[in-house]
Amino acid sequence: MRLVDKVKKYSITFLLLLLVFNNNLAAQSLNRHGYTRLEEGWDFYLHKGPEETFRLLQEGKPAEYREAYRVSVPHYWNSIVKTADNPDVSTYGSYHYKINSLEKNKKYALFFKDSPGTSSAVYVNGNLIAQTGNPFEMLDEKSPQKKKRGSSQVRPLYCEFSCDLNGTADIVIFVSNYFYRKGGLWDTAFFGEAESILHLDNVFVMFYSLVSGILIFIGLLNLLQFLINKKGWEYFYLGITSIVFALRVATAGYSTLTLIFPFLPSEIEIKLEYMVLWLAPLCILKMLYIIYPAQKNYIVFKWLKEKAFRHSVMGSVFLMGIISLIVPAYYANRMVPYLQVCFGIIALYVVVYIIINIIRKSRYIYFYLTGYALLILGGAIDIVYTKSKTLLPLSVFPFFVALFVFVQIILLAIIQNDLYKDTVRISSELQKLNESYLRFVPREFIKLLHKDSVTSIKAGDYADIEMCIIFSKLNIRYIQGDEKDLALDRYFLIFNEYLKYASPIIKKHGGFVSKFLSGGFMALFPSSEKEAVYAALEINDFMKDFALSAVCKGFHVTARSGIHYGKMIAGTLGEAARLDDTVISDTVNTSSRIESVCERLNKNIIISQALEKIIEENSSCSDFDLTELESIYVKGKEKPLQLFEVRWAE
């Protein structure tokens, strides 16, 4: 198993354990006593700064006479702003909440997972105790609001305080919304003893940080796998998807990204969050089409080309996403509904394509169905959480995102495992096929051509070499006479049995059979001329026992061999679809004619004078005797050819 796969395996296991651990930890923390949610009973002062709000509170009038609205938190002020003189939601306002009967010797805390608005300030009993961004620029009437977006910041907000001498905490939260399409206290306000609230804050930090961190880690692993295998684009798209979801988890619900970058402007933060609406679905669709290429090139009508339609949709979504990254946050935020529509179109495209592949019974499709079902379910629950955060204290979307990525990684791991099995099977088949080729094209012949394998040989490859060649022929006759014709099947059986023993002898002495001929064979000895003679003598000895074996019963069987030495060309002939190995030279013809002389002279092994001279010059021949025969004329030769009979030395 490769290192990347091992890390993936253990990181996935670690992710699941962390999800279970954090889920239990969050559930326990949210059920602890010592904190409460400040939901009902807030007063909202539209277009009122903190100083003006303090003044109105000191008048002692009921809320309905202080130009205040009674609201519950989480709260968006959009509906209230619409009834005001200036209907722009990019405005400011103050929220007030009074808590009585507190213990004077205890520390209390207020906690928001996301700070309100795009900038805010928290006051308790008239004292500023926490601030995000610079909300006070909104009060400066000399500069247009739209020029002051650099002071915005959204991050987790935790602040500690003590009550006054009367056991009262008068909380005023001043909120400035510089560019967001919704304004107000948009998150749940947790209040309680400092120790309990701090513990709750730590739980949220741990959960969101670990989930987003592991998603980034898994994404980087997939990108690393893509860098290792440039053809595995599905890993690239899954890596980008995982990182985009990690950014969504790290910027929405609990802004863990601002823990790493404390001064990160909210304009950049929300643009990173919005990438989940366009980049993630594009990557998911690309990944889906890589694994399941479209089988039809049109949709319903032949003029509606599927590829052109898909690319136009994806191109439009990608262009809109890029625009949302470039334009100021004020406009990018107002593009969200359109990006959500694009997200829905891509999601619908993915769902339809999954259904089509379910009907086709495509392989692995149920993994995709499970993954996207989890993602859709998580998105639906997240919408409920966004609309009414009182129903769920904790966003479960990170759980479903992690499960979606987990299912996709399992899917890719199964696909990779199947590809590995197919590769092993194909490799085994190729190895068997290569071994089968070597039965027809000897390995030694391939080496003569200076090639590594039979797959690298092409028509016209050749090599000039000098070596020994044996032409051997098996002579089979009935013992009672040769007036009967030998049955072909009987001849084939005897000849095949003979080759079973003769071929290993040739290989033992450094030679190989290049061609099986009708009733004989042609063997080449590129390494040693003397070994060729030894091979012929050993075959001759073997024939004594073979002729008496059961397979040769009723027949007189002899083997005649002619051996010659000289230059020749070994190579391949034919064309791309059909090749054959061959040896071309006068040396080949001469050795064949020497073999034909054996039967006429009643000799079993005859060598040429050229071979005899090489043996005498290069090595002793004390193991065998050479008997000079009469010179004979062979076809194609002007001068007589001097031959020698070879026998073991006595």
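Here is a short walk through this predicted model, one selection at a time.

Before you click: residues count from 1 along each chain as its sequence is written, and side-chain values use heavy atoms, with hydrogens and water left out. As this is a predicted model, local features need pLDDT of at least 70 and side-chain atom pairs pLDDT 80 or more, while totals for chains, interfaces and linings use all residues.

**Whole protein.** Colour by secondary structure and you'll see 17 helices and 20 strands (DSSP runs numbered from the N terminus: H or I of at least four residues for helices, E of at least two for strands). Of the 650 residues, 50% count as buried, meaning under 20% relative accessible area with a 1.4 Å probe, protein chains only.

**Residues 233-251 and 266-291.** These are helices α5 and α7; their axes come within 8 Å and cross at roughly 155° (axes are lines fitted to C-alpha atoms over the stretch in contact, with angles from 0 to 180 degrees between N-to-C directions). That makes the pair roughly antiparallel, the label for angles over 145 degrees.

Now show side chains. On α5, the residues meeting α7 include Trp-233, Tyr-237 and Phe-245; on α7, look for Leu-272, Met-275 and Cys-283 among the partners. Contact here means heavy atoms within 4.5 Å.

**Cysteines.** Which is the relative accessible area of Cys-468? Select Cys-468 and you have a buried residue at 0%; Cys-159 is buried too, at 3%.

Notes: Angles under 35 degrees count as roughly parallel, over 145 as roughly antiparallel, 65 to 115 as roughly perpendicular and the rest as oblique.
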